Amino acid sequence: MSVLNLNNLQKILHFFVLIFPLIIILKSAAINITLIIISLISILLIIKKKDYFFFKDYFVKFVIFFLAFIFINSFFQFYSIELLIKSLGNYRYLFLTFGVFITLKNITKKSSTLFIYLNFILIILIGLDIFYQYNFGENIFGLFPGMCDEFQKNCVRFSGIFGSELIAGAYISQIGLLMLFLIKENNIIKKKTINKIIQNIFILFLFLIIILTGERNALLTFLICIILFFLFQKKTKIYSILISTIIFFIILFVLSQNFSSIKNRYVNFLENLGSKKESSLVDKIKKNPWSYHYQAAFELFLKKPLVGHGYKSFRFKCSETKIDQDTIKRKDYYRDYRACSSHPHNYMMEFLSENGIVGFLLYIIFLLIIFFKILKARKYTNYNYLLFGVGSLLLAILFPFKPSGSFFTTFNASIFFYLLGFFIYSQRHIKQKNN
């Protein structure tokens, strides 16, 4: 009976892990319920099997320590019991990583292929829905775009099935690229030429849909990931990187000349922010909402440089900064923009302001561990597209010098730790194959 229960638990875990890309579309409540289920099943499996090998990995140990620091810092910088519970609840993301690892370790070839096919189709459908919304002003379910004028026209952000949550580009860039690397690694279509054609068409499709969403951060993540993926390959052809980059920018330029929303989001966006058209480039970079957020975050960091102000504290402490008080006093100068927000819109600034130098160093170490694990894998004879692809994607997501959401939002953290499961599994798998 116990064996049966164990098998049933693993089947339930596999089910929720494999449909997780679909769960993400159903928004935060569904994601959190699924994370709780995965966490409980993972704990039961660990207890029943008495197998702690996953948690003995030094990278996993580091993640455990990293999350522990966030919780302890939250405890001593107490703002509310809700935030304290949420900081402890971040461990549910690590159990998601564990769930992905266990699923990949035990999944059959048939189930793996089905998972790739279904999610490939899911990405295509989401992309086509965004294309439909871009052209007709609403998606197939009647959901309207975001960031439009008062007449629901001249829209610049399109999120399709995600509705008012402007996260479609992030989803497409991250889950879409995961599917691309899975297709590349598993060769689900046996004919190499057809497989390569499908991969190239799919990557172009992802790029075009991300542009349509109007999400600049998603586009940067996509481009950084592709460039890193090429660079990490053993036989890196620089001209391939240059040609690919040139093609992407030519497409973006051509589209921007024909579609005003794309031009406003990717070409003229600084003109529409906090500085006047005649301002210099330096002024345009300094006088925009992101810059004000960063200045506020850096002010907070300087006040408590060692451990910062605590988990999700930016939203509470930001109003105390000089830059935010100045934006209130001089509304015309700042064009009604505030330095305050729920987060600083950059991971580096978020960790500096909320967790100080300690949190920032942990963030950098996180990046370096992924980077060196990829470099170490390059010496192996068996090449693993999934390892290099997902590793590049994780580095692109964490890249310090680009705008971002808050790291520990349900959406961002769930996708990141989901991807981390694929990375840790593929890294361990390639190591075992070459020993």
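This is a predicted model: local features need pLDDT of at least 70, side-chain atom pairs count only at pLDDT 80 or more; totals for chains, interfaces and linings use all residues.
Residues are numbered from 1 along each chain as its sequence is written, and side-chain values use heavy atoms, with hydrogens and water left out.

**Exercise 1. The whole chain**

Work out how many helices and strands the protein chain has, and what its radius of gyration is.

Solution. 
- Start with the secondary structure: there are 19 helices and 0 strands. Helices (H or I, at least four residues) and strands (E, at least two) are DSSP runs, numbered from the N terminus.
- Next, the radius of gyration, which is taken over C-alpha atoms; the globule rule is 2.2 Å times the number of residues to the power 0.38. For 435 residues a compact globule would come out near 22 Å, and the protein chain has 22 Å, so the two agree.
- Now the box: along the principal axes, the C-alpha atoms fill roughly 70 × 55 × 45 Å.
- Then burial: 53% of the 435 residues count as buried. Buried means under 20% relative accessible area, exposed over 50%, and partly exposed in between (1.4 Å probe, protein chains only).
- Last, contacts (heavy atoms within 4.5 Å). Among those between residues at least 6 apart in sequence, 72% join residues at least 24 apart.

**Exercise 2. A look at L94**

Find out where L94 sits, and whether L94 is buried or exposed.

Solution. 
- Locate the residue: L94 lies in helix α6, which covers residues 91-106.
- Check its accessibility: the relative accessible area is 4%, so L94 is buried.
- List its partners: leaving aside neighbours within four places in sequence, L94 is in contact with F55, V60, V63, I64, L67 and F417.
- For a distance, take K373: it is 279 residues from L94 along the chain, and their C-alpha atoms are separated by 19 Å.

**Exercise 3. The disulfides**

Say how many disulfides the structure has, and which cysteines form them.

Solution. 
- Apply the rule: a disulfide is a pair of cysteine sulfur atoms within 2.5 Å. Searching the whole structure gives 2 of them.
- One joins C148 and C155, with sulfur atoms 2.0 Å apart. The angle about this S-S bond is 110°, and the link is right-handed.
- Look at how open these two are: C148 has 23% relative accessibility, so it counts as partly exposed, while C155 is buried at 10%.
- The other joins C318 to C340, S to S 2.3 Å. Here the angle about the S-S bond is -110°, making the link of C318 and C340 left-handed. This pair links distant parts of the chain, 22 residues apart: C318 is in the loop between α15 (314-317) and α16 (322-329), and C340 is in the loop between α16 and α17 (347-377).
- Both C318 and C340 are buried.
- Finally, number the bonded cysteines in sequence order, and the pairing reads 1-2, 3-4.

**Exercise 4. The cavities**

Find what lines the largest cavity.

Solution. 
- Count: there are 5 cavities of 30 Å³ or more.
- The largest cavity has about 50 Å³ of space, and is lined by I70, Y311, K312, E350, F351, E354, N355, S406 and F408.
- Helix α17 gives the most to this lining, with 4 residues.

Key: On a 1 Å grid over the protein atoms alone, a cavity is a set of points where a 1.4 Å probe fits but cannot get out, and a pocket is an open set with protein on both sides within 12 Å along at least five of seven lines; lining residues have an atom within 4 Å of a point. Grid points are joined across faces, edges and corners, and a volume is the space filled by probe spheres set on the points.
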